[in-house]
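Dear colleague,

I am passing on the structure we spoke of, and would be glad if you could look through it alongside the notes that come with it.

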Amino acid sequence: MTPKGSQTIIFNEMTGNDGRLRDGYHAIQHFLDETPPDILMTRKAEAELFFRRIGITFNVYGDAEGTERLIPFDIVPRVLTMPEWTKLAKGLEQRVLALNAFIADVYADRRIVAEGLVPEELILQNQAFQPAMAQIKPPGGVHVHIAGIDIVRDGPDGFYVLEDNARTPSGVSYMLENREAMMRLFPELFGRIRIAPVDNYTDNLLQTLRSVAPPRTSSDPTVVLLTPGAFNSAYYEHSFLADKMGIELVEGRDLYVRGNIVYMRTTEGPKRVDVIYRRIDDEFLDPLVFNPVSVLGVPGLMSAYAAGNVTISNAVGTGVCDDKAIYSYMPEIVKFYLGQEPLLANVPTWRCREPKALAYVLDHLDELVVKEVNGSGGYGMLVGPHATKDEIETFRRRLKAQPEGFIAQPTLSLSTVPCFVESGLAPRHVDLRPYVLCGSDSVRVVPGGLTRVALKEGSLVVNSSQGGGTKDTWVVEGDMA
Amino acid sequence: MLSRTADSLYWLSRYMERAENLSRIIGVAERLGTLPSAYMAASSEWASAIATAACEDIFYNNYKEATRANVIEFLVASEANPSSILTCVETARNNARAVRTALTTEMWEIINNLWYEVKKFKLTNIDPNQLGRFLLVIQEASLRFDGTAYRTMLRTDHFRFQRIGTFIERADNIARLIDVKYHVLLPETEQVGGGLDYFQWSAILRAVGALTSYNWVYRDNVKPWLVADFMILRTEQPRSLISSYDNLNRQLDSLAEVYGRQGPSQRIARATYASLENQRIDELFQSGLHEFLTDFIGQNNALGAAVAEQYLL
């Protein structure tokens with residue numbers, strides 16, 4: 001959290017601030033030292049081949065060639081030690097329990113508003129707020145079954161939550177396939193280091209989904225994954241997860257509702273569906289309630305949901321948690337619902353809706369990051385230190401016209417991890433998205449998550465649509481000599 | 001299973017099988033094309049290739065003449081042809097993508113690799129050497145796909161629909177192949193054993209990769225009625241019509257057993273199988289091979305429609 005002007009120290013997760021190799025990286029350093037660059041280059045090419053072969057590609061919309069692209073994969077793993085991870089995992093569990101308590105309250109009595117902790121208009125005017133949910137109580141009171149909590153780091157102990165993703169967080173297939181690729185490409189490394197496995201994620205996910213089936217359903221609920229279809233950019237992930245869980249991958253046209261019960265069309269006739277892990281947004285779920293021209297959804301789904309005959313996962317209307325203005329209240333939210341101090345820190349945030357904060361932000365635009373409260377994907381934001389005078393002035397006008405649409409944060413000195421780029425090994429900025437599963441029985445987090453890398457030198461943008469890549473994330477027992 | 005999944009599996013398998021058959025048809029025409037003209041049949045090999053591929057209408061809308069270059073262009077990769085080999089591969093992969101979860105990893109990788117392989121070929125004005133390699137890539141992928149499905153798929157309804165697609169397509173392709181050549185298979189009108197027809201008959205066998213196995217079964221010269229017998233009525237020949245229907249019966253019966261319900265598809269398949277089983281080749285020639293095959297192709301289409309109606313919609 002260093003304001004512009006002072007000396008920014010960028011934390012290198014491998015070599016620390018003092019250039020001494022950090023715990024967990026010894027075996028990797030040793031491997032990199034003894035392996036000639038051309039061998040590393042070959043392995044990198046093999047990784048690409050592996051990803052193409054299994055088809056973990058994403059479609060680029062509007063590309064006439066129908067090109068399927070790969071998200072760049074970096075072969076140098078990112079390491080967290082077991083103690084670092086244990087601490088982080090506790091914070092993640094706490095955060096997701098708090099998010100669930102909050103969203104349940106949002107669609108019930110709104111005690112947090114009555115207590116004067118969160119302004120009501122932040123909820124009611126939120127684009128993701130779904131009034132229909134006031135009548136719907138999801139099983140176990142759990143709304144957010146799958147959360148992706150984006151974490152950034154600026155020092156040995158400096159972990160911060162950058163964003164909460166409580167809608168339909170994606171990317172988990174990369175976490176799993178990156179590990180598969182690494183195990184194939186670097187068996188010698190896996191012989192030397194004990195790395196916590198991640199491949200039980202899909203089992204955990206299925207358990208989580210089954211745990212939130214409507215109470216009336218049989219002991220063997222039918223769970224399906226609802227995808228927009230093969231042309232969606234995340235289709236690989238949808239088919240991958242359905243396959244690993246052994247559940248049907250359905251499209252809207254495979255489902256229909258009769259008598260408030262959801263059925264899928266099968267070769268044996270209709271089959272009742274109990275839990276829908278949907279990978280389509282709220283507004284496309286049910287053309288009778290939301291977007292009437294949507295062909296992705298299922299007419300009548302919301303009324304079956306309201307009747308308690310089906311569980312939609314994540315629940316409808318959880319996007320309120322993704323709002324960056326709501327985010328700024330997370331410390332209060334954790335304290336209010338759980339009676340605990342937050343274990344994970346927020347990045348300090350100025351809410352531009354508050355006049356004093358707005359004045360400060362307008363004065364310091366050249367050193368702050370300003371974001372739209374409901375933006376995502378790294379779009380619609382101003383990175384002050386990297387912006388031109390014109391860009392700053394344009395943003396200043398937008399900010400003045402609609403201050404409640406924005407928040408501002410200091411420019412983070414995101415930690416770096418070495419990456420194997422064309423010039424050899426070089427540090428690149430990273431973030432981390434762990435996936436937290438919350439069923440009605442327990443909270444489950446697999447060790448690690450998806451590490452995203454800003455592959456352009458100096459860049460802080462990790463989004464795949466803007467030059468970001470990924471790397472495998474290892475939670476390891478220490479290897480200090 | 002989802003009807004849409006069954007539909008995609010069924011069509012995916014049909015397209016893979018079709019791609020293989022098309023590539024064999026081209027391979028054989030190419031081979032016959034190298035013979036001196038004295039050995040050639042009355043109609044050109046390339047015209048009969050188009051007839052076998054059942055796309056005469058579209059072809060002659062786009063080309064005046066069935067020359068080697070035209071036919072190869074059309075069957076391999078022409079945009080005008082909705083079931084060119086290239087389109088078959090693309091459609092197969094699209095279907096595979098749509099039902100990734102219904103395929104084993106190994107099956108997906110064969111189709112996905114094939115797609116990348118095929119894209120590496122320069123398919124316009126393809127030279128003979130490249131063409132040979134291209135056809136081989138297709139045939140090998142189809143064989144591997146078939147074998148992999150057999151060895152890796154769970155024996156659930158997924159597997160049944162994969163097989164049903166394969167055998168309906170195969171029966172159709174083989175019947176057309178024999179039908180196009182039926183004039184050379186008619187023993188009454190020709191002096192048996194003439195040098196001219198020998199290569200035509202053996203071409204049929206070669207087109208289905210059965211030339212060597214013919215020798216093992218009959219220990220005789222290639223004779224037209226034996227070729228027809230082999231490809232229509234012999235259960236030892238895995239690509240014969242009766243073998244396809246033996247398989248179709250088994251797969252459909254197994255579906256009916258699991259689902260607890262019989263339907264039109266089971267009835268049609270059983271009737272067609274029975275008519276093949278009770279047939280003798282000399283009687284078949286007397287009553288008319290062409291009529292028989294036309295009737296068979298119609299029945300086979302009816303089975304396809306019944307399967308769609310009963311399970312895929």
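The notes below take up the interface between the chains and then some aromatic pairs.

Please keep in mind throughout that this is a predicted model. At the interface, 25 residues of chain B are in contact with 24 residues of chain A, and the area buried between the two chains is about 2,100 Å², with carbon and sulfur atoms giving 42% of it. On the side of chain B, the residues that lose the most area to chain A are Leu2(B), Arg4(B) and Arg97(B), which together make up 32% of what that side buries.

The rule finds 3 salt bridges across this interface, and one of the salt bridges joins the side chains of Glu109(B) and Arg53(A), at 2.5 Å from N to O. Several elements of chain B give two or more residues to the side that touches chain A, among them H1 (3-32), H5 (85-98) and H6 (105-120), and the largest share, 6 residues, comes from H6(B). By type, the residues on that side divide into 12 nonpolar, 6 polar and 7 charged.

Over all chains, a search finds 27 aromatic pairs. In one of them, Tyr107(A) and Phe129(A) have ring centres 5.3 Å apart and planes at 10°, so the pair is stacked; both residues are buried. In chain B, the rings of Tyr63(B) and Phe74(B) lie with their centres 5.9 Å apart and their planes at 85°, so this pair is edge-to-face, and Phe59(B), Tyr60(B), Tyr63(B) and Phe74(B) form one aromatic cluster.

With best regards

Key:
Residues numbered from 1 in each chain as written. Chains lettered and ligands numbered in written order. Predicted model: local features only at pLDDT ≥ 70, side-chain atom pairs only at ≥ 80, totals over all residues. Heavy atoms only, no water. Contact = heavy atoms within 4.5 Å. Buried area = accessible area lost by both parts, 1.4 Å probe. Salt bridge = Lys/Arg side-chain N within 4 Å of Asp/Glu carboxyl O. Helix = DSSP H or I, 4+ residues; strand = E, 2+ residues; numbered from the N terminus. Nonpolar A, V, L, I, M, F, W, Y, C, P; charged D, E, K, R; others polar. Phe/Tyr/Trp six-rings, centres within 6.5 Å; stacked < 30°, edge-to-face > 60°. Buried < 20%, exposed > 50% of the residue type's maximum accessible area, 1.4 Å probe, protein only.
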